[in-house]
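Welcome, and thanks for taking a look at this one with us. Below is a short briefing to read alongside the coordinates.

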Amino acid sequence: MSSDFLTTQLEASIRHSIQSTLTGSILPDISFFWSASPVLLLLLGGMLTMLLGVFKGNPLKPCISAWYVAIASAFLATLFPILGPTSLVTAYFGSGFLLDTMSKFSFLVISLGTLFTLFAVNTTSVGRNLLRAELLSLLLFASAGLMVMCSAGDFIAFLVGLEVVSVPLYVLVGFQRKTTRSVEASLKYFLMGATAAAVMLMGAALVYASIGSLRFSDFHLLSLSLNHPFHMLGIFLILSGLAFKAAIVPFHTWAPDVYQSANSHLTGYMASLVKFSVVIVLIRLLSVTFAHNSNSILVQYFWILGALSIAVGSLFGMVNSSIKRMLAYSSIANAGYFCLGFASLATSPDSDLAKQALISYATIYAVLSMGAFTVIAWFEESNQEDILKHQLAGIGPKKPFAAFALSVFLFGFAGLPPMAGFFGKFFLIVTAIRHGLVGLSVVLVLFSVASLYYYLSVMSEIWFKPHTQHSILPSENPETDLTMRTLCLTAVIVAFAIGILGPRFAFEMDFKQATEKAYHQPKSSFILGSLVNKE
Amino acid sequence: MLDEISHYILSILVFFPLVVAAALALIPCCSNCSQSILRKVALAGVFLEFVFSLHLIRYFRPDSSDFQFSQYHSWLPSKLGINYILGVDGLSLSLIIMATFFSLIGMMTVYKYVNSHVRSFLILFLILESTLIGVFSSLDIVLFYVFWELSLIPLYFMIGVWGGARRISATFNFFLYGFFGSVLMLVAFGYLYFNHYLATGVYSSSIMELYSTASSLAPSTQMWLFSAITLAFLVKTPVFPFYSWLPQTYEQAPVVYTIMSGVNLKLATYGLIRFSLCLFPAIAKEKSELLMTLSVIGILFGALIAWRQSNTRRLMAFSSLSHMGFIALGIFSCQKLAMEGALYQMLNHTLTAGGLFILLNFLFSKPDSQFSLEEYGGLSKVLPWFSFFFMISMLGSVALPSTGSFVGEWLILLGSFQAYPLLTAFATLGVILGSVYMLWMTYKLLFGPQKVSVHIPKLSGLEATQMTIISLLIVLLGFVSVPILDHTQATFSLIEKTLAAGSPYPATLVNLENRILRPIVIQQNHTFEVK
């Protein structure tokens with residue numbers, strides 16, 4: 001059957017799409033450059049920083065000029081989402097680049113996150129290792145890739161974005177080749193990430209073979225039942241690849257190692273922005289109703305994965321003495337919390353409440369983990385990769401503000417009001433209950449008691465135990481302290497503001513997806529029909 | 001002007017301590033002298049708060065069972081229906097006054113006992129006071145939950161930083177137990193919130209609206225929600241099988257927590273009435289026998305264990321378990337008399353336990369104190385005033401006639417006897433056992449053989465002031481119970497009517513306009529969600 005398709009219809013289909021795209025929009029109009037300016041600016045900045053590195057004598061020394069360029073491009077990238085027209089909803093490159101409220105919001109979050117990371121990188125001693133031109137340029141490329149991912153309405157565009165994110169991250173995770181553990185983590189991340197990408201491609205191939213289109217909006221032609229094994233397998237392979245990026249159990253095994261041995265700023269970047277973007281992609285992917293109302297199998301998929309992630313993340317985090325490893329497990333548990341939202345969205349794909357809950361929790365989680373890892377980087381020495389819990393003993397009275405900020409972020413993860421995490425969790429639970437997932441929300445709250453245990457164990461080290469000889473002695477550098485205080489204060493204020501005023505940004509968001517200009521109707525329906533007939 | 005004050009008094013009460021806390025955080029501190037400034041500012045703040053709360057007594061209308069001094073402001077985006085709603089009825093009125101009053105007493109103790117990290121302690125104390133009043137006055141489940149969870153955080157840090165030697169495991173126990181109870185309540189609240197949407201098409205988390213939603217649900221659903229919500233409060237009360245965090249917390253807690261503990265435990269009993277009983281009257285009535293049995297077990301168990309304790313802190317913990325059992329018994333009996341008695345007993349238990357703790361803390365004020373009963377003896381000869389105050393608090397605690405507890409326990413037993421005579425008969429045994437361990441402690445400390453080796457300071461002016469006030473109140477409540485019961489009786493009649501009929505609790509938000517209570521106008525611009 002597929003040979004039939006390859007010989008007869010593929011050629012016609014390709015010819016048709018080339019013709020229509022040429023006449024339609026291979027050269028987008030001028031508004032595209034304004035709308036895509038965040039992506040373009042970051043790419044441009046990435047190339048410029050790379051060039052600046054060429055003129056640098058010693059590549060190992062910090063390249064401040066490159067840092068300025070990176071800051072400038074990240075700053076300019078925030079302008080469009082802030083100043084741009086709010087009601088603009090358009091699609092470019094077919095469905096390759098969707099510009100709607102959701103992508104604009106994610107541009108804002110990603111560029112602000114990048115800006116935050118860049119500022120933090122230049123202040124801490126551990127961050128200055130990252131101040132090399134090529135590493136900064138990779139960071140900018142990764143951010144551009146995240147934006148491409150978030151605005152993709154098409155699997156191909158999404159995959160391009162994903163690879164633009166992943167390849168720089170493999171390098172960034174592994175660039176500190178000081179310990180074997182770091183090399184191990186980076187190799188693990190690379191091998192597993194490459195496998196995940198390959199798996200996802202396989203899934204895409206199956207989907208394409210089934211419906212002749214890779215637009216997310218055409219996925220409604222897929223029917224997820226055992227009568228259509230290729231449809232189901234295709235979607236599940238794609239979802240598993242995404243689950244890998246979000247560190248959902250059982251695709252989580254890379255996370256603890258990578259989180260632990262990567263530079264703390266990068267860990268923060270990965271935990272917050274990559275996870276945020278995966279959530280956005282999944283929102284786009286899951287807001288289609290699959291054919292024959294076959295969404296229920298997806299609900300089961302996310303139910304099981306979510307429960308597993310929550311359990312594994314909450315229980316395994318208890319036994320780790322390394323704080324970054326512990327936070328990796330916390331991020332796995334949080335990936336499980338997101339599954340509540342995914343499962344609700346799968347139940348009713350046009351539910352605004354589920355999207356709002358997901359976006360608000362993704363943003364809140366991004367703020368909290370960015371803040372938490374930044375504080376950890378503040379505590380670290382330049383050649384240190386990790387902090388053990390007992391090394392934090394008695395740090396509270398010595399560095400009150402940093403310790404206070406870390407406490408706010410940890411209580412935020414635990415979901416205690418008035419920190420931001422509370423409303424995130426509350427709306428996820430309400431959404432899940434609304435879509436009939438009471439069981440999963442009970443799993444969430446019960447295991448969140450277990451995860452509270454490890455947050456509290458960090459708290460009691462920080463505040464309640466006396467300073468010992470093993471405790472770290474953070475360097476007293478007034479300049480570092482001032483910048484870090486400002487950064488952490490920003491994150492703390494955002495965390496409190498969302499916690500007290502509620503995640504308004506998500507509830508005022510318009511979830512109308514941009515749709516492609518109608519010059520091309522997928523011919524897939526008859527292909528689908530033929531497949532069904534032959535099977 | 002008066003109307004304006006009445007409209008905003010609750011917000012003032014909730015946020016004034018936070019304002020004082022912020023001021024404390026900003027006052028520059030250089031030496032010990034400015035620490036005394038901090039203490040004075042905090043004490044003045046708490047005193048003003050108490051004065052403000054007197055406005056509630058002065059202008060409260062005892063004949064109305066509606067929520068007075070109420071406020072309704074939008075909080076989250078309006079289509080979510082999560083609003084900032086505050087209000088006070090006869091139940092919460094007395095508890096709020098008790099909270100502000102005991103914060104004042106507690107703050108006096110802070111004056112003497114807290115010597116390290118004074119600023120942080122004062123700030124935590126003020127945050128705690130604010131959350132206490134927030135819990136007692138919020139009428140929106142989300143707002144309530146925020147304050148309820150938030151009240152854990154200051155206590156957590158108080159115990160962890162200023163507590164005893166094994167304080168860290170105590171903080172884990174305290175926080176995890178409390179969190180475990182309340183997360184299930186969160187799911188139940190989420191379920192109610194969503195079901196209100198199903199029933200009406202509008203989201204709302206105001207308890208006035210949820211009262212009617214809750215009673216329209218299927219009985220089995222109500223059963224689950226009732227269990228989840230009640231569990232949260234039973235853990236924090238504590239009622240019999242969920243008590244194990246209490247002794248450890250009491251033992252390791254700093255001095256000030258022990259005094260405030262009386263108020264903290266009342267958060268849970270308040271929640272039992274406001275949420276468990278009023279949301280699910282039918283189920284509460286149905287399950288009252290089981291819950292009363294647990295309470296009676298708690299009364300007897302607590303009293304028996306307390307008898308065998310040689311550590312005074314643990315003795316007080318089990319005595320609290322026993323006394324809270326009485327309060328829970330009164331609440332679950334669903335009789336008006338017993339519930340009134342329970343509320344009355346809440347006030348009395350706070351007073352007597354607070355008084356005993358002030359005196360015990362004075363006695364065991366050495367940093368490495370083991371709180372052992374064996375440490376002292378024959379104090380009546382050495383410390384006559386101490387012994388005098390101790391006797392009054394102790395007799396208050398064992399419910400001697402002419403003290404407030406007698407009225408409370410009498411009402412509870414009278415009310416619950418109407419519901420379940422046999423259980424109440426067992427509970428009466430608790431009164432006897434309660435006097436056994438209390439008299440035992442008194443004998444060991446005040447009479448017994450004198451242990452002269454220990455040097456004992458005289459009672460200071462601060463403690464004498466605190467104890468004089470408390471002792472006067474203990475006796476006063478024993479004779480003058482009518483004014484308090486008058487303020488609460490309208491509310492409790494309504495609750496009893498609700499419980500008897502199994503119908504939704506009908507109270508509404510009202511406010512004083514030109515000395516007349518009027519329902520407040522709520523601008524609702526709910527946008528209906530299309531889907």
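In which helix of chain B does B:Leu422 lie? B:Leu422 is part of helix 19 of chain B. What you have on screen is a predicted model, with an ipTM of 0.91 and a pTM of 0.91.

**Confidence**

- Chain B has a mean pLDDT of 88, with 96% of its residues at 70 or more.
- Within chain B, the lowest confidence falls in strand 4 (residues 516-519), with a mean of 81, while helix 5 (residues 141-150) has the highest, at 93.
- Residues 526-531 of chain B have pLDDT below 50, and this stretch makes 15 contacts in the model beyond near neighbours in sequence.
- For chain A the mean pLDDT is 86, and 92% of the residues reach 70 or more.
- Chain A also has a stretch to treat with care: over residues 519-535 its pLDDT stays under 50, and the model gives that stretch 30 contacts beyond four places in sequence.

**Build of chain A**

- Chain A contains 21 helices and 2 strands.
- Its radius of gyration is 23 Å, close to the 24 Å that the globule rule gives for 535 residues, so chain A is as compact as a globular protein of that length.
- Taken along the principal axes, the C-alpha atoms of chain A fill a box of roughly 75 × 55 × 45 Å.
- Of the 535 residues in chain A, 64% are buried.
- Considering contacts in chain A between residues at least 6 apart in sequence, 81% of them join residues at least 24 apart.
- Chain A has an accessible surface of about 18,600 Å², and carbon and sulfur atoms account for 69% of that surface.

**Where the chains meet**

- On the chain B side, 36 residues are in contact with 40 residues of chain A.
- Between chain B and chain A, about 3,600 Å² of area is buried, and carbon and sulfur atoms give 81% of it.
- Three residues, B:Phe172, B:Phe179 and B:Val187, supply 15% of the area that chain B buries against chain A, more than any other three residues.
- How many salt bridges does the rule find across the interface of chain B and chain A? The count there is 0.

**Salt bridges**

- Side chains of opposite charge can pair when their charged atoms come close.
- Over all chains, a search of the whole structure turns up 13 salt bridges.
- In chain A, A:Arg215 pairs with A:Asp218, with the closest N and O atoms 2.8 Å apart; both A:Arg215 and A:Asp218 are buried.
- In chain B, B:Arg274 forms a salt bridge with B:Asp89, and their closest N and O atoms are 2.9 Å apart. This pair links distant parts of the chain, 185 residues apart: B:Arg274 sits in helix 11 (residues 255-279) and B:Asp89 in the loop between strand 2 (83-88) and helix 3 (90-113) of chain B.
- B:Arg274 counts as buried because its relative accessibility is 1%, and B:Asp89 is buried too, at 0% relative accessible area.
- B:Glu374 and B:Lys444 form another salt bridge, with 3.2 Å between the closest N and O atoms. B:Glu374 lies in the loop between helix 15 (336-363) and helix 16 (379-382) and B:Lys444 in helix 19 (residues 421-446) of chain B, so the pair ties together parts that are 70 residues apart in sequence.
- B:Glu374 is partly exposed, at a relative accessible area of 42%.
- A:Glu184, A:Lys188, A:Asp257 and A:Arg325 are joined into one network by salt bridges that share partners.

- Is B:Leu422 buried or exposed? B:Leu422 is exposed, with 63% relative accessible area.
- From B:Leu422 to B:Leu150 the separation is 272 residues in sequence and 40 Å in space, C-alpha to C-alpha.
- B:Thr249 belongs to helix 10 (residues 245-252) of chain B and is buried, with a relative accessible area of 0%.
- Leaving aside residues up to four places away in sequence, B:Thr249 touches B:Ile159, B:Ala170, B:Phe174 and B:Tyr257.

How values were computed: Residues are numbered from 1 along each chain as its sequence is written. Chains are lettered from A and ligands numbered from 1 in the order in which they are written. This is a predicted model: local features need pLDDT of at least 70, side-chain atom pairs count only at pLDDT 80 or more; totals for chains, interfaces and linings use all residues. Side-chain values use heavy atoms; hydrogens and water are left out. pLDDT is the predictor's confidence in each residue, from 0 to 100. Helices (H or I, at least four residues) and strands (E, at least two) are DSSP runs, numbered from the N terminus. Contact means heavy atoms within 4.5 Å. A salt bridge is a side-chain nitrogen of Lys or Arg within 4 Å of a carboxyl oxygen of Asp or Glu. Buried means under 20% relative accessible area, exposed over 50%, partly exposed in between (1.4 Å probe, protein chains only). The radius of gyration is taken over C-alpha atoms; the globule rule is 2.2 Å times the number of residues to the power 0.38. Accessible areas come from the Shrake-Rupley method with a 1.4 Å probe; for residues, only the protein chains shown count as cover. Buried area is the accessible area (1.4 Å probe) that two parts lose on being put together, summed over both.
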